[in-house]
Amino acid sequence: MRGRFFVGLALVAALSSCGTVADSPINPMNWFSRSEPAAADTANPAADPRPLVAEVTALRLERVPGGAIVHATGIAPRQGFYDGALVALNRGLPVDGLLAFQFRAAPPFDATRAGPARSREIIVGLFVSDQTLAAVRRIQVSGAANALAVAR
């Protein structure tokens with residue numbers, strides 16, 4: 001009983017000298033930074049017929065048990081695009097610590113108006129497992145005009 005008490009006391013003393021856990025690298029909320037501009041990759045993986053969204057406007061990572069959800073927001077060229085998805089490049093495997101996706105959506109069957117950007121907004125998400133994230137330092141999502149990335 002005494003041994004556990006002293007081990008617990010030593011652990012509390014060691015952790016209290018670390019400063020705040022909020023700024024610590026052991027905090028999962030600090031594993032990836034805010035999104036930043038990156039070079040767009042427009043190669044078409046696996047002959048996906050859907051075009052790239054015009055612009056990727058937001059990218060964030062949400063930690064969940066067993067991995068993370070990559071949330072991306074994009075602007076389509078006109079109203080009516082549907083079936084948006086993040087399409088993995090390199091078969092979904094990280095290359096040199098980079099996990100790359102393309103933001104693609106299917107165009108409408110009929111001619112539609114361009115409309116304001118808010119009416120053309122598409123939001124998608126994709127779960128990435130902890131096993132995949134173990135080798136990842138940066139996640140990038142590309143559209144036709146730009147790309148955004150989050151880094152550890």
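This is a predicted model: local features need pLDDT of at least 70, side-chain atom pairs count only at pLDDT 80 or more; totals for chains, interfaces and linings use all residues.

Reader: How many residues of strand 8 are buried?

Author: In a regular strand the side chains alternate between the two faces of the sheet. For strand 8 (residues 147–151), 5 of its 5 residues are buried.

Reader: In what order do the 3 strands of the open sheet stand?

Author: The order is 2-3-6, with antiparallel pairing. Strand 2 (55–64) and strand 6 (121–129) are the edge strands, each pairing on one side only. On average, neighbouring strands of this sheet are turned by 20° against each other, direction ignored. Strand 2 is joined to strand 3 (residues 67–75) by 9 bridges. Within this pairing, Val56 is opposite Gly74 of strand 3.

Reader: Where is Ala54 found, and what does Ala54 touch beyond residues up to four places away in sequence?

Author: Ala54 belongs to the loop between strand 1 (36–38) and strand 2. At 26% relative accessibility, Ala54 is partly exposed. Not counting residues up to four places away in sequence, Ala54 touches Ile75, Ala76, Pro77, Ala144 and Ala145. From Ala54 to Pro77 the C-alpha distance is 5.5 Å, although 23 residues separate them in sequence.

Reader: Which residues of the largest nonpolar core touch the most other members?

Author: In soluble globular proteins, nonpolar side chains tend to be buried together. The largest nonpolar core here has 22 residues, and Leu86, Phe103, Ile122, Ile139 and Val141 touch the most other members. At least two residues of this core come from each of strand 2, strand 3, strand 5 (98–106), strand 6, strand 7 and strand 8. Strand 5 provides the largest share, 4 residues. Among the residues that Leu86 touches, not counting those up to four places away in sequence, are Val70, Phe101, Val124 and Val141.

Reader: How many salt bridges are there, and which residues do salt bridges that share partners join into one network?

Author: The count is 4 salt bridges. One of them joins Arg60 and Glu62, at 3.9 Å from N to O. Arg60 is partly exposed at 46% relative accessible area, and Glu62 is partly exposed at 33%. The network consists of Asp48, Arg50 and Asp83, joined by salt bridges that share partners. The closest N and O atoms of Asp48 and Arg50 are 2.9 Å apart, and both of these residues are buried. Arg50 also forms a salt bridge with Asp83, at 3.4 Å from N to O. That pair links distant parts of the chain: Arg50 lies in the loop between strand 1 and strand 2, whereas Asp83 lies in strand 4 (residues 82–88), 33 residues apart.

Reader: How do the accessible areas of Arg50 and Asp83 stand?

Author: Arg50 is buried, at 16% relative accessible area, whereas Asp83 is partly exposed, at 47%.

Technical notes: Residues are numbered from 1 along each chain as its sequence is written. Side-chain values use heavy atoms; hydrogens and water are left out. Two strands pair if DSSP finds at least two bridges between them. Axes are lines fitted to C-alpha atoms, for helices over the stretch in contact, and angles run from 0 to 180 degrees between N-to-C directions. Buried means under 20% relative accessible area, exposed over 50%, partly exposed in between (1.4 Å probe, protein chains only). Contact means heavy atoms within 4.5 Å. A nonpolar core is a set of buried Ala, Val, Leu, Ile, Met, Phe, Trp, Tyr and Cys residues joined through side-chain atoms within 4.5 Å. A salt bridge is a side-chain nitrogen of Lys or Arg within 4 Å of a carboxyl oxygen of Asp or Glu.
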